[in-house]
Amino acid sequence: MKKMLILLLVLFTMPATAGLKPYEGEGPTPPLTLTDIQGTMHDLAAYQGKVVLVQFWATYCAPCRKEMPSMNRLIEKMGNTPFVILAVNMGETQEEVEAFVEEVGPEFPILMDPDGESIGAWQVFAAPSNFVVGADGKIHYTLFGGVEWDDDELVAQLKELANE
Amino acid sequence: MRLIKSLQQILLILLVFVPAGAIAGAEVLTLEIDGDAEIDIRIFRAEGDTLLLGFACDEGQGIAEQSTAESLAEDGVEVWMPDMLGGYMLPKTRSSIQSIPSEGLYGVMDKAMQSGKKVYLIASGPETELVLRVASEWEARHDGAAGLAGVVLLFPRLNDGKPEPGKEPVYVEAVGKTREVPLLVLEGERTPNRWGVKHLTAALAQGGSHVHAKLIPDVRGYFFKREDANMPEEVVTTQLAGLIKASLFFLGRTDR
């Protein structure tokens, strides 16, 4: 009984981690060509050979705000592994996103999609929606909802994909 | 000093002994459903020919719900707010919503219909499943909308499970079952769900209902229930009764 209670206590006090889910969508990886907040153009196809975390987010999405610092730490933990994050903002204005960037300080490109064109192409219906694109340019994993991206399990999964 | 103390005592007595309904200017009707449940319905009476039945499931105890109901009643729209969860002794959790029997929903709606007024249904968030469920049940039993004038879905959250990036959403069973009654989806512009409105609208229309969708500028989901509401959200909350009234007017003019 005591062991059971300890087990339950451990389970309920553990930080919530959600693993990456194998991608179940169909068809090729949708194109993603957008400018970032500084005006630099990014084309997902140009990142072939690297693992890319494509995240769709918004400043008003509470889990998105919460998890972003952990994405900075993820980059640090990935070390020399060929890995980039492209965070696509969902249809907000430059001013709104700039204010957020100043406050949170993401160390990865924030892409602007004012008309939401990529959102439809990538079949995004809620945020944060994440896609992990392998070095082969194909989507391998997805993840919905906020997580601590520097969680060891997630880092290991991403590193393993980079080594495939 | 003595005067302040006396005032405090009077206030305390009022808070303890005066029923909430009396303060709210609402009456409570208790409806028995087949011996299974006793559902309290808070009613904000009005003289007009329109009745708004809100399946808030907690008698509209949320922030701004009561003031909105009072404001609507002043404008001639009678508002009914049943306590479905309390009636079936269900806990106030999201998972309880699907446990509310259709028979209970139908019973409340049938009682509202007996008023002879044009009845509209409204709910927000996951509770929108209930109004769709009871609307389709009503249509099935009456071979059509039969007095049901329209349904307002505020920030509908109708996904069956979590959305999966890259895959089309899967909705709860009640979506796409209504045949005649017009539906209006209202979604906050500053919510990630706004990107799913087009897909949801198409799914809702599959049964035959005319479905309209409007984005409310500058607000997040559940803005009228938020304790951290920002300025635009507070402004829209104060005008929520007007927004609902405009929605009912719009639905009333929709072709079937």
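Two residues are taken to be in contact if their C-beta atoms, placed from the backbone, lie within 7 Å. The views below are taken from a predicted model.

**View 1. Helix H9 of chain B and the elements against which its buried residues pack.** The buried residues of H9(B) pack against S3, helix H3 (65-74), strand S5 (118-124), strand S6 (148-154), strand S7 (183-188) and helix H8 (231-238) of chain B. Helix H9, which covers residues 240-252 of chain B, has 13 residues and reaches 18 Å from its first C-alpha to its last, close to the 18 Å expected at 1.5 Å a residue. Its buried residues are Leu240(B), Ala241(B), Ile244(B), Ser247(B), Leu248(B) and Leu251(B). Seen down the axis of H9(B), these buried residues fall within an arc of 120°, so they line one face of the helix.

View 2. All 6 of the 6 residues of strand S4 (residues 77-82) of chain B are buried, so the strand is largely enclosed by the rest of the structure. Val77(B), Val79(B) and Met81(B) point one way from S4(B), while Glu78(B), Trp80(B) and Pro82(B) point the other way, and all are buried. Strand S2 (residues 37-44) of chain B pairs with S4(B) in the antiparallel sense over 4 bridges, whereas strand S3 (residues 50-54) of chain B pairs with S4(B) in the parallel sense, over 4 bridges. Trp80(B) in S4(B) is the bridge partner of Ile43(B), and Trp80(B) is also the bridge partner of Leu53(B).

View 3. Asp83(B) lies in the loop between S4 and helix H4 (84-87) of chain B. Asp83(B) has 20 other C-beta atoms within 10 Å, and a residue is counted as buried if 20 or more lie within that distance, so Asp83(B) is buried. Although Asp83(B) and Glu38(B) are 45 residues apart along the chain, their C-alpha atoms are separated by 9.3 Å.

**View 4. The parallel pair S5 and S6 of chain B.** Strands S5(B) and S6(B) run parallel and are joined by 6 bridges. Within this pair, Ser124(B) stands opposite Leu154(B) in S6(B). Of the 7 residues of S6(B), 6 are buried, so this strand is largely enclosed by the rest of the structure. For the setting of this view, the secondary structure of chain B comes to 9 helices and 8 strands, and 44% of the 256 residues of chain B count as buried. Among the contacts in chain B with a separation of 6 or more, residues 24 or more positions apart account for 73%.

**View 5. Gly207 of chain B and its contacts in a loop.** Gly207(B) is placed in the loop between helix H7 (197-204) and strand S8 (211-216) of chain B. With 20 C-beta neighbours inside 10 Å, Gly207(B) counts as buried. When its neighbours within four places in sequence are left aside, Gly207(B) is in contact with Gly176(B), Lys177(B), Thr178(B) and Arg179(B).

**View 6. The open sheet of chain A.** The strands of chain A include an open sheet of 6 strands in the order S1-S8-S7-S4-S5-S6, with mixed pairing. Strand S1 (21-22) and strand S6 (110-113) of chain A stand at the edges, each with a single partner strand, so one side of each is left without a neighbour in the sheet. Strand S4 (residues 51-57) of chain A and strand S7 (residues 129-133) of chain A pair in the antiparallel sense over 5 bridges. Phe56(A) has Ser129(A), in S7(A), as its bridge partner.

View 7. The mean pLDDT of chain A is 88, and 89% of its residues reach 70 or more. The contact between the chains takes 22 residues from chain A and 16 residues from chain B. On the side of chain B that touches chain A, the residues divide into 5 nonpolar, 5 polar and 6 charged.

Note on methods. Residues are numbered from 1 along each chain as its sequence is written. Chains are lettered from A and ligands numbered from 1 in the order in which they are written. This is a predicted model: local features need pLDDT of at least 70, side-chain atom pairs count only at pLDDT 80 or more; totals for chains, interfaces and linings use all residues. A residue is buried if 20 or more other C-beta atoms lie within 10 Å of its own, exposed if 12 or fewer, and partly exposed in between; C-beta atoms are placed from the backbone. Helices (H or I, at least four residues) and strands (E, at least two) are DSSP runs, numbered from the N terminus. Two strands pair if DSSP finds at least two bridges between them. The expected span of a helix is 1.5 Å times one less than its number of residues. The arc is that of the directions from the helix axis to the C-beta atoms. Ala, Val, Leu, Ile, Met, Phe, Trp, Tyr, Cys and Pro count as nonpolar, Asp, Glu, Lys and Arg as charged, and the others, Gly among them, as polar. pLDDT is the predictor's confidence in each residue, from 0 to 100.
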